[in-house]
Amino acid sequence: MEIDQIRDESSPPEAPATKMTRKQILTLIAMASINFSSMICYSILGPFFPNEAKKKGVSQAMIGLIFGIYALFTLVGSLLLGKYIVQIGAKFMIVAGLFVSSVCTVLFGFLDQVSDGTVFIVLCFITRCINAVGFSAAVTSSFAVSAKVFPDNIATVLGFMEIFTGLGLILGPPLGGWLYQAFGYEIPFVFTGCLLFATVPLNMWILPSFDAVPSQNSFLRLCTRVKILLICFVVFTLSSGIGFLDATLSIFAIEKLNLSAGSVGLLMIGLSLPYGAASPIFGVISDRYPSIRKWMMVIGGMATAVSFCFLGPLPVFHIKNQLWLTVLMLVVVGFSLCMTCIPTFAEMISCAHEYGFEEGLSTLGLVSGLFSAIWSAGMFFGPTIGGYLTQALNFEWSAGIQGGLAFLAALLQLTYFTFEEIQKKKSQKVNNTETTEKSPLLPENDHIRADVS
């Protein structure tokens, strides 16, 4: 009897089933539709809206603010909705958010008919703000739902979802630029708004409901941990870089590289294509080797910093603006942003559990809300401050400053993780010494043999 018990305890645990359940398949389809349609609606503005806004007397700084205000209200919405995701209901948040966002996208397409100047700017702000709240509801809930349904493969699933994010970002700019050139200002927004609206009944039908118990934890407690704050700063630099390019790259490409609006849309594929293609690869690596997530963030941050400095490039390098160099650096930016971004959400969830947060939808709502809020803060900072710096200096210097932020985040992480590794090795040595001093003269296996005999 004792021998059988010993064999049972020493036998390895059974491997978890790899086949996905019906609930997981339906959730994947729902999340894919949300990511794809939302990103198309978000990315169509880049190729033509800044130039269209300039025709209506809007300054470069104000254009950046119109882009940035969307992120600011996404930040506020993410924090509030992430805190109360259990009370509101994850499925309802997704469906209602998609509905609000789709209606606002269509309405934004008719703003070219209003008078130039103040009226145009005010209506742009109002529409973008309401749109942002709907977007934050859908995205915050979708992150939490993904982590809830796939608790052991969250990075892999998010990497898979980023394929559709990348597809939306790839198709959005050229589609928006082509529709704008062919049919004018209204049609790009009406078409993509209707596409987003089609996901509302789809998600009402296939998305399962989720029951959970509210938690007493808060964002404040989550943000008291240094590691969480460092990851948040990394997320901030990533999104601010993307937001900066959304607001400034099109005008730089049109004025300095002599590209049309349609060509600018194709140029932006250089950023989104490598991001979407590399996402599932980095997702699988992140889940299979959790210990290297932190080094992925460090290396990716360093590569992002270098590529932003050569995107312009910085005047100190005395290199002339060339299309091939801009395309190459956009590819590196997309690849390095993906390498840095994919591990961040899984690492934040892991940190929250290490610090005593219970496993459940409420904690996932807090983490996804914080992630979305920090991402949105960067998306506000990038276009607004980047637009101001581009107007005050030029694109080359402002891109270099953006690269400096990415380098700072990577350097802080490198310092923290190196110190953490040193502390772990010291504690392991102490534990090994204590174990050796307290070990019995007769090994435990000998007692077992004596009992059996």
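Predicted model: local features only at pLDDT ≥ 70, side-chain atom pairs only at ≥ 80, totals over all residues.
Which residues does A303 touch, not counting residues up to four places away in sequence? A303 touches V332 and S336, with contact meaning heavy atoms within 4.5 Å.

Residues are numbered from 1 along each chain as its sequence is written, and side-chain values use heavy atoms, with hydrogens and water left out.

**View 1. The whole chain: 18 helices and zero strands.** Helices (H or I, at least four residues) and strands (E, at least two) are DSSP runs, numbered from the N terminus. Of the 453 residues in the protein chain, 54% count as buried; buried is under 20% relative accessible area, exposed is over 50%, and partly exposed sits in between (1.4 Å probe, protein chains only). Take the contacts in the protein chain with a separation of 6 or more: residues 24 or more positions apart account for 87% of them.

**View 2. Helix α2 (residues 22–43) against helix α7 (residues 118–149).** The two axes come within 10 Å and cross at roughly 150°. That makes α2 roughly antiparallel to α7. Axes here are lines fitted to C-alpha atoms, for helices over the stretch in contact, and angles run from 0 to 180 degrees between N-to-C directions. Under 35 degrees counts as roughly parallel, over 145 as roughly antiparallel, 65 to 115 as roughly perpendicular and the rest as oblique. The crossing of α2 past α7 is left-handed, which is the label if the near helix is turned anticlockwise from the far one by less than a right angle; clockwise is right-handed. On the α2 side, look for K23, Q24, T27, M31, I34, S38 and M39; they meet F135, S142, V145, S146 and V149 in α7. The residues of this contact divide into six nonpolar, five polar and one charged. For the classes, Ala, Val, Leu, Ile, Met, Phe, Trp, Tyr, Cys and Pro are nonpolar, Asp, Glu, Lys and Arg are charged, and the others, Gly among them, are polar.

**View 3. Helix α11 (residues 226–256) alongside α14.** These two pack at an angle of about 30°, with their axes 12 Å apart. That makes α11 roughly parallel to α14, and α11 passes α14 in a left-handed crossing. I231, G241, F244 and L245 in α11 meet M297, F308 and L311 in α14. By class, that contact has six nonpolar, one polar and no charged residues.

**View 4. A303, a residue of helix α14 (residues 293–311).** A303 counts as partly exposed because its relative accessibility is 30%. The C-alpha atoms of A303 and L337 are separated by 8.5 Å, though the two are 34 residues apart along the chain.

**View 5. The largest nonpolar core, with 92 residues.** A nonpolar core is a set of buried Ala, Val, Leu, Ile, Met, Phe, Trp, Tyr and Cys residues joined through side-chain atoms within 4.5 Å. Those with the most contacts inside this one are M31, L245, L249, F345, M348 and F395. Helix α15 (residues 323–354) supplies the largest share, 15 residues. Zoom in on L249 and you'll find it touching F244, L267, M268, L330 and F395, not counting residues up to four places away in sequence. A second, separate core of 22 residues includes L45, V58, F67 and Y185.
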